[in-house]
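User: I would like to learn how to read aromatic ring pairs in a protein model. Could you take me through the idea and then through the case at hand?

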Amino acid sequence: MKRVVKVIVFVFLSSLFATPVVAQERVSAIRAARLIDGSGAPPIDDPVVLVRGDIIMAVGTAADVSIPADAQIIDLGHFTILPGLIDCHVHITGTPGDGGDTQALRETEGHGAIHGVVNAKITLDTGFTTIRNTGSNSYGDVAVRDMINAGVIPGPRIYVATRGLGITGGHADINGWSPHIDLPGYAEIADGVDEVRKAVRRQVKYGADLIKVTATGGVLSAGDAVGAQQYSFEELVAIVEEANRAGIKVAAHAHGASGIVDAANAGVASIEHGSLVDDAGIVAMKANGTFMVPTLYALDFIIDEGAENGVPQYGIDKAIAIADAQRRQLRRAYQEGVRFAYGTDAAVFPHGRNARDFGILVEELGVPPLEAIKMATADAAELIGIEDHVGTLMVNKWADLIAVEGNPLEDIRVLEDGVRFVMKGGVVYKDNR
């Protein structure tokens, strides 16, 4: 009996300290009619992308890339290969309605996380392999991010802002109810320099990859004007300082002109929405290298479909009031050289419609299709700070790529419902060839 025990112990210790044998990862060779690499360069005809594990090992034409004899061939025929798309403004735990006010009153953080599981799969299937979640009113987005990273559920890479920050009575608060009711806010409500510093530290502690601040009023909120500045310059500076100290960036919700100027000068990485940006805002954003994340289709949805989706009339009225100015001012900002990164505000409209902004960028703001794609690939990756890993199809980057039926340079709207193939980190999540 003692001898049996000794043998068992020996086998256990041998397995514990033995050098593991790593299986050779198989190479996949992906072919298609053309490839857009996301850098803004012209497309490549008859391309080949070699993937080993989760990394791209070669990109080029079929004449230039040698395909290993034992490679798995994925022939996408007449499709166009692109990098996985990036949406820099999503609310993955949210659903269409009144901007979250009654959702925050009716539902728990658990509800939001479950919404996030469903929405993450939808988002990935429509070709968005990376998103920046700009506020969830809870830490539910952290749970969704972590479960995706652990391989428990499918979804895009998520960079989360957790709760976000807003002022008492502002766009991120829940207004119009009795003062005797203790309301949670649709973000962490913090006023003054000391409170915002503590709020940033708390959100970093619980998993924030970035900080979202509500710098001006908004559309889907009661009791505030869209263009009114909410946080002061001093508060914005404190928020940016605390975030930067933790090594993360700040995204500022800002429709109004003065809030855009102060947020840009305070050092935020991006202005979200930017509907009423003026000359001073354009100057400030260019001087500070601030990205614009325009969220164009969201207003169209509120105006056209908001009533049937629970959007209150005040929200629809606000959207109508700023719609013309939004297109005009954002077109001007683009023409004047403000850098744009793609973002949509998904959750204002149903998740899965994230590609609707491409058509508006091209058809109404005058952005060339190749540049619109770059906004959702290389430029978006740079804003998030992951350009060394994603955003372009280049050697040693993560194997995040999609394929669409047709040529998006001829019809940008094929990105809306033409995504037939999705690979994230070398794993195929969708293949509808």
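User: Which residues form one aromatic cluster here?

Analyst: In this predicted model, the aromatic cluster is formed by F128, Y342 and F358.

User: How is a pair of aromatic rings described in general?

Analyst: One gives the distance of the ring centres together with the angle of the planes. By the rule applied here, the count comes to six aromatic pairs. In one of them, the rings of Y297 and F301 have centres 6.5 Å apart and planes at 55°, so this pair is tilted. Both residues belong to helix α9 (residues 297-305), where they are four residues apart, about one turn of the helix, and both Y297 and F301 are buried.

User: How are the rings of Y342 and F358 arranged?

Analyst: Their centres lie 4.2 Å apart with the planes at 25°, and because planes under 30 degrees apart count as stacked, the pair of Y342 and F358 is stacked. This pair links distant parts of the chain, since Y342 sits in the loop between α10 (313-335) and α11 (356-363), whereas F358 sits in helix α11, 16 residues apart.

User: Are Y342 and F358 buried or exposed?

Analyst: Buried means under 20% relative accessible area, so Y342, at 1% relative accessibility, counts as buried, and F358, with a relative accessible area of 0%, is buried as well.

How values were computed:
Residues are numbered from 1 along each chain as its sequence is written. This is a predicted model: local features need pLDDT of at least 70, side-chain atom pairs count only at pLDDT 80 or more; totals for chains, interfaces and linings use all residues. Side-chain values use heavy atoms; hydrogens and water are left out. Rings of Phe, Tyr and Trp (its six-membered ring) pair if their centres lie within 6.5 Å; planes under 30 degrees apart count as stacked, over 60 as edge-to-face and the rest as tilted. Helices (H or I, at least four residues) and strands (E, at least two) are DSSP runs, numbered from the N terminus. Buried means under 20% relative accessible area, exposed over 50%, partly exposed in between (1.4 Å probe, protein chains only).
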